[in-house]
Amino acid sequence: MAGPGRRIRTLPTDLNKVCPDEGDGYPVYPRSYYDLDVVPNLRRSNSAFSKNKKRAHFNSGANEKENLSTWIPENIRKKECVYFIEGSQMSDSGKVVCECGYLREQHLEEAIKPAMFQGKEWDPRRHVQEVPTDAFGDLSFTTVGQKTGKFVRVSSNTPPSVIYQLMTQHWGLDIPNLLISVTGGAKNFNMKLRLKNIFRRGLVKVAQTTGAWIITGGSHAGVMKQVGEAVRDFSMSSNYKGEIITIGIATWGTVHNRSSLICPMGSFPAEYVLDEETQGNLSCLDSNHSHFILVDDGTHGKYGVEIPLRTRLEKFISEQTKVKEGVAIKIPIVCVVLEGGPGTLDTIYNAITNGTPCVIVEGSGRVADVIAQVANLPISQISISLIQKKLSIFFKESYEQFTENKIVEWTKKIQDIVRNRQLLTIFREGKDGQQDVDVAILQAMLKASRYRDHLGHENWDHQLKLAVAWNRVDIARSEIFTDDHEWKPSDLHPMMAAALIANKPDFVKLFLEQGVRLKEFVTWDTLIYLYENMANPSVFHTKLQKVLMEEKERSAFSKVPRVQMHHVSQVLRELLGDFTQQLYPKPKNTERHRLSIAVPHIKLNVQGVSLRSLYKRSAGRVTFTMDPIRDLLIWAIVQNRKELADIIWTQSQDCTAAALACSKILKELSKEEDDTDSTEEMLSLAEEYEYRAIGVLTECYRKDEERAQKLLIRISDAWGKTTCLQLALEAKNMKFVSYGGIQAFLTKVWWGKLSVDNGICRVIMCMLFFPLLYTGLITFREKRLQPMTCLNRFRAFFTAPVVIFHLNILSYFTFLWLFAYVLMIDFQPTPSWREYVIYFWLFSLVCEETRQLFYDPDGFGLVKMASLYLNDFWNKLDVCAILIFIAGLSCRWIPATLYPGRIILSLAFIIFCLRLMHIFTVSKTLGPKIIIVKRMMKDVFFFLFLLAVWVVSFGVAKQAILIHNEKRVDWIFRGVVYHSYLTIFGQIPSYIDDMAFQITLSRQENRMRTSCSRNSSALLRFIVFYGRSELQPGSVQPKWY
């Protein structure tokens, strides 16, 4: 065995050589590592940490083995006896054992007759030395399937910091929000079934909801077995994907079958057999615990060795500060007691003395019931006789072992325990059986904290931080927001921000109920703080980082600039659309003064900025945003936080515009989301907000139809100077647009000042012969336009959109008719006046397209406007038609290219005719069909491609068989493509047999041509209808069958 100073290093590939009986054929489950030396950045959220853990999960098992097999022996020791002295007791097999409890053969040869210790008594402080540990790795319970855990053998003098580092860094455990130390009877005891179920359910619930660690003795007996079975039952019956951390701290010398755990370079895994029948005075490890710390003091069969190290470790963990999602708390600890004997009483006494709150489960038996029976009595009534009476009731079998001095000692300890009632909580099963242990545990923590009077107001802050960290809004309602303390809304602002970052909507709702006003809570600095602490793996966060990197490159900064609201505005404008204005304009002075005030016991700092300091400024220095509710809603929506967004949306005043904007943002984000589940959630939430907008508009229509219609076109300053209708159209919210009220409004807008009851025929008749306007053929909606002599009737009629649209159709048809007339009838070397009209008409079209290209009311710039212009398919078609027309016009003015110019102009005419489809898309009859054809053309292209493959392959074969050495390119193309295409429809060219080729042939080639010509029709029909040929080897003639 290695000496104290010796370090063992072996490569992971040598592990099986060191332990040949272990580690073969078993899977290794790698864990991620968490660097404790680095203070966690609050930008790192739960999802980001989980993502890093998933990425680390794919590291090879060999890397983990190498890490553990080098780090653990270097930092963790075990203890072994170096001086063998025969003890007074014998082993179970009748052999002589040392004072340490181990057999002679279990010692080193140097320990049997050490010269330096001859003639001295055995002293554990001198005769036990520390050496590198030889038992660590993964633990596999062979009798319970694939259950695995982590284990390590440590010296009883191991510093708690080293064990804590092992658990968090190398075992990959998340730092807990709560530490639950369960103690009690080490032997199996009976509990009422109802109480057992309540205890199990409550213990697991508090561990699950708060992210706690449960620490027990780790053996498969007594209270440890109860805890393990509670975790097992929960894992089997729940859909909870996480792991409940249960850490067993046991004595190495009392573990049965521990020899299977020994391997100097670690076991990955070690097979452990849970055999209670042969364990004797030893104990088996519980298979339902996830981690084991086996404490070694160099002795065998001695219980209680782990208690001092467990106490130090629990105290060390409780002194650590966890920073998570904007909240920094010291890890609280609570002791839960079931049953128990003298050792349990000492544990409770030490816990109370150290200020640790204890929860006593009444009804579990022995010590727990003795304390529960006297907990509510005055100290003066807790007498020796009373304790003696209680001991005789609850310690029936072992009562005779209690001496008078021991009873006196117990009485003093119980008095001291009861004297600190603020640290003592008795869990009693209610009459209705509805109270849970989880509530009692959390209440004990808060009650203990409440009695620290020297903390004053900060004590209440601490309690609220604990409730937020545990995500237990029920505890906050019943224990914190009570009549004992009056909360100011401003006092809740820091925890409101923490609840938003941690995505805890129940607490956000609770704080709003307690008087927090979003208009006072949301400041410019608060928004920046929230965006700095967004969930990292989100599309919006990625786009925001891209904007920051672009600014860094433009400004030549040495590091990425901090997030400012104008950066957020750039991303939001990209999501909402360029038709909106900037929601957060860029300030002239981007460097805002920040004030940091140190607040005792509140550690909510991000990059040196105290969250509480954001709300500790004078009223004149706080900068409020234009619409705080909108700002919070956007922050929640871009992270796809449904419940938070729902709560904030209900506070919004412009609900319709907010719902439509949320729908637009979610649809745009879903296009760039890689995760399928997230994409579906975004689209589902976008649809939900669309229905909400419809619901709000329906209610408005029910109250006042006219005002509801005005709501659709009202310009919303909060959403970038846009309207609800424009947002719906840009988001393609067809359900919203197709709503009956909106369709009625659009119809009213379409007809302008005309009555919607006018028919199209009457409108067209008045267009062609406007004096009919004064005959009463057309009716108007406004009464002032009804008089026949009103001059405004003419203006009202010809400014109506429906009339303008039909005039445009009539004008365009006139243009096409005149263009066709010129091409077919009046195309002369010298242009006629009709052709000049066509030129002028085209010039007007060019002017209109130019206006569309350069008209930039929002200041996008020429490049952006050109990009937006060319994104429209019909604009591309217009540009193509105009360019082709100009090319044909250029050729038309040159006499030598007059005819090619006419051809090019004819192609332009075809494109101008295709432009008609865009005009008729507004038709109820033609519009859907045109859209169907447009979408169908994408699929038709692939069918045409397959058709081209068949046609060309058949044409090449036909041309090679029927025509010998054709050299004319145009005739080759005609034979391969044109004739083959006609053959598909059964139209075989009739002139093929009598075709005279203008080529010079030799006599032999002429005979071959004549033979082919005579039989070409028959051969062609065989090719079409049978198409199967086989060329026999050695023969030039094809064989048909």
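I began with confidence: pLDDT (the predictor's confidence in each residue, from 0 to 100) stays under 50 over residues 590–624, a stretch for which the model has 77 contacts beyond four places in sequence. Contact means heavy atoms within 4.5 Å. Residues 994–1002 also have pLDDT below 50, and this stretch has eight contacts in the model beyond near neighbours in sequence. Where pLDDT is low, the predicted coordinates should not be read in detail. I noted a mean pLDDT of 78 for the protein, with 79% of its residues at 70 or more.

Ground rules for these entries: this is a predicted model, local features need pLDDT of at least 70, side-chain atom pairs count only at pLDDT 80 or more, and totals for chains, interfaces and linings use all residues. Residues are numbered from 1 along each chain as its sequence is written, and side-chain values use heavy atoms, with hydrogens and water left out.

**Overall**

I found 41 helices and 20 strands in the protein. These are DSSP runs numbered from the N terminus (helices H or I, at least four residues; strands E, at least two). Of the 1041 residues, 48% are buried. Buried means under 20% relative accessible area, exposed over 50%, and partly exposed in between, with a 1.4 Å probe and protein chains only. Among contacts between residues at least 6 apart in sequence, 70% join residues at least 24 apart.

**Core**

I looked up the largest nonpolar core, which has 131 residues. Such a core is a set of buried Ala, Val, Leu, Ile, Met, Phe, Trp, Tyr and Cys residues joined through side-chain atoms within 4.5 Å. The residues with the most contacts inside this core are Leu-178, Phe-511, Tyr-531, Phe-540, Leu-633 and Tyr-689. Helix H25 (residues 655–672) gives the most to this core, namely ten residues. I listed the partners of Leu-633 beyond four places in sequence; among them are Trp-649, Cys-662, Tyr-689 and Trp-719.

**Helices**

In H17 (residues 493–501), nine of nine residues are buried. The buried residues include His-493, Pro-494 and Met-495. Just after H17, Asn-503 has a positive phi of about 60°.

I then took H27 (residues 705–713) and H30 (residues 740–751), which pack at an angle of about 80° with their axes 10 Å apart. That makes H27 roughly perpendicular to H30 (65 to 115 degrees counts as such). At this contact, Gln-709, Leu-712 and Ile-713 of H27 meet Ile-742, Phe-745 and Lys-748 of H30. I sorted the residues of this contact into four nonpolar, one polar and one charged.

**Single residues**

Arg-892 is in helix H36 (residues 873–892). With a relative accessible area of 2%, Arg-892 is buried. I noted Glu-835, Tyr-839 and Leu-905 among the residues that Arg-892 touches beyond four places in sequence.

Leu-338 is in strand E14 (residues 333–338) and is buried, at 0% relative accessible area. Contacts of Leu-338 beyond four places in sequence include Phe-189, Met-191, Phe-199 and Val-361.

Ile-984 lies in helix H40 (residues 969–984). At 46% relative accessibility, Ile-984 counts as partly exposed. Outside four places in sequence, I found Ile-984 in contact with Leu-947 and Val-951. The C-alpha atoms of Ile-984 and Val-951 are separated by 8.4 Å.

How values were computed: Axes fitted to C-alpha atoms, helices over the stretch in contact; angles between N-to-C directions. Parallel < 35°, antiparallel > 145°, perpendicular 65-115°, else oblique. Nonpolar A, V, L, I, M, F, W, Y, C, P; charged D, E, K, R; others polar.
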